[in-house]
Amino acid sequence: RRVIPIGVPVDAQGVKIDALESAIQEHRPGLIYAAPTYHNPTGAIMTIHRRRQMLALAKRYGVPILEDAVYHELGYRDPPPPPLKALDEDGLVLHVSGFSKILLPGTRIGYLIASGPLFERLAHVKQAADVCTPGLNQRAMQVYLASGMLVGHLNRVRSELRTRCEAACAAAKRYLPPGSQWVEPAGGLYLWVRLPDDGPTAAELYITAIQHGVAYALGTLFHTDGGGTRYIRLNFASHTPARIEEGFRRLGEAWQAWQETYKPALRRTPIL
Ligand SMILES: Cc1ncc(COP(=O)(O)O)c(C=O)c1O
């Protein structure tokens, strides 16, 4: 069935609840999708107050919430607030997560926590959609989880992510153009950067960045309305600190090159 996503703004405390309520009233959605902890791409953590407000809205308007918690275990500072599902007294939250981000993307194994008749329905829909996740992969994951090794693994991952996040923030400070803005994330894999207004947009800079040997995700990919043109999402998770530094250096170089090559031409008064 066709899905029409409606975007709701997010600030440092997570989804803006007033905007969510207006969107619910206007569009009467069938589902609220939320990534409350280490939101991709902003890294925002929804406060416990907003979590409760979101649950109250879901109850008031009778709309279930799909809670995407794939980054919940990837915090490297203070522990985050509990997942929405842990606060859900009305069976309105479908909690999904998986092992792609914390262990092995290739296994394609995730999980869903739901209550009541919805659970049976979802199990059937999943079966019809992909004729089941490979049994051997599931068995291997079950053996691994039963071994108790995940805890130690997660501690190593968090510590490494923290090192890489710090390397990314230090390199951003050093190499990104003045006026760039970002908030140091407390978890997750990404740095969400706003480029300054007096230069190229993320899309304009993109080819030059590729030519300099660095890539990023365009901010517009994370908006439903074409917004985010000055935002870029940088993934620091899969590189060593030295490569992270080099990536930012190249990005800074690309920005300089773009400014020097194209901006004077654009500034010329157009001849009409
Ligand atoms: C918020 C969020 N949910 C889900 C996924 C996909 O997870 P999986 O690889 O388990 O399909 C991603 C991957 O980038 C993600 O950022």
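Student: Is Tyr216 buried or exposed, and at what relative accessibility?
Tutor: This is a predicted model. The cut-off for buried is under 20% relative accessible area. Tyr216 counts as buried because its relative accessibility is 7%.

Student: How many aromatic pairs does the structure hold?
Tutor: Trp192 and Tyr231 form one of them, and that pair is stacked. The total for the structure is five.

Student: What is the distance centre to centre between Trp192 and Tyr231, and what is the angle between the planes?
Tutor: The two rings form an aromatic pair. Planes under 30 degrees apart count as stacked, and this pair is stacked. The values are 4.8 Å centre to centre and 15 degrees between the planes.

Student: How many residues apart are Trp192 and Tyr231?
Tutor: Trp192 is in strand S7 and Tyr231 is in strand S9. The pair links distant parts of the chain. The two residues are 39 residues apart.

Student: Which residue joins Trp192 and Tyr231 in a cluster?
Tutor: Ring pairs link the members of this cluster. Beside Trp192 and Tyr231, the cluster holds Phe222.

Student: What is the angle between the planes of Tyr206 and Tyr216?
Tutor: These rings form an aromatic pair, 5.1 Å centre to centre. Planes over 60 degrees apart count as edge-to-face. The Tyr206 and Tyr216 pair is edge-to-face, at 85 degrees.

Student: Which parts does the pair of Tyr206 and Tyr216 tie together?
Tutor: The two parts are ten residues apart in sequence. Tyr206 is partly exposed, with a relative accessible area of 26%. Tyr206 lies in helix H7 (residues 202–211), and Tyr216 lies in the loop between H7 and S8, so the pair ties together helix H7 and that loop.

Student: Which residue in S9 stands opposite Trp192?
Tutor: Strands S7 (residues 190–194) and S9 (residues 231–235) pair in the antiparallel sense over five bridges. S8 (residues 217–218) and S9 also pair in the antiparallel sense, over two bridges. Ala217 stands opposite Arg233. The residue opposite Trp192 is Arg233.

Student: What is the side chain of opposite charge nearest to Asp68, and how far away is it?
Tutor: Asp68 is found in strand S4 (residues 65–68). Asp68 is buried yet has no salt bridge. Its side chain reaches the backbone nitrogen of Val70 at 3.3 Å. The nearest side chain of opposite charge is Lys101, 8.5 Å away.

Conventions. Residues are numbered from 1 along each chain as its sequence is written. This is a predicted model: local features need pLDDT of at least 70, side-chain atom pairs count only at pLDDT 80 or more; totals for chains, interfaces and linings use all residues. Side-chain values use heavy atoms; hydrogens and water are left out. Two strands pair if DSSP finds at least two bridges between them. Helices (H or I, at least four residues) and strands (E, at least two) are DSSP runs, numbered from the N terminus. Buried means under 20% relative accessible area, exposed over 50%, partly exposed in between (1.4 Å probe, protein chains only). Lys and Arg count as positive and Asp and Glu as negative; His and the chain ends are not counted. A salt bridge is a side-chain nitrogen of Lys or Arg within 4 Å of a carboxyl oxygen of Asp or Glu. A polar contact is a pair of N or O atoms within 3.5 Å; within protein, one must be able to donate a hydrogen and the other to accept it, and residues adjacent in sequence count only if both atoms are side-chain atoms. Rings of Phe, Tyr and Trp (its six-membered ring) pair if their centres lie within 6.5 Å; planes under 30 degrees apart count as stacked, over 60 as edge-to-face and the rest as tilted.
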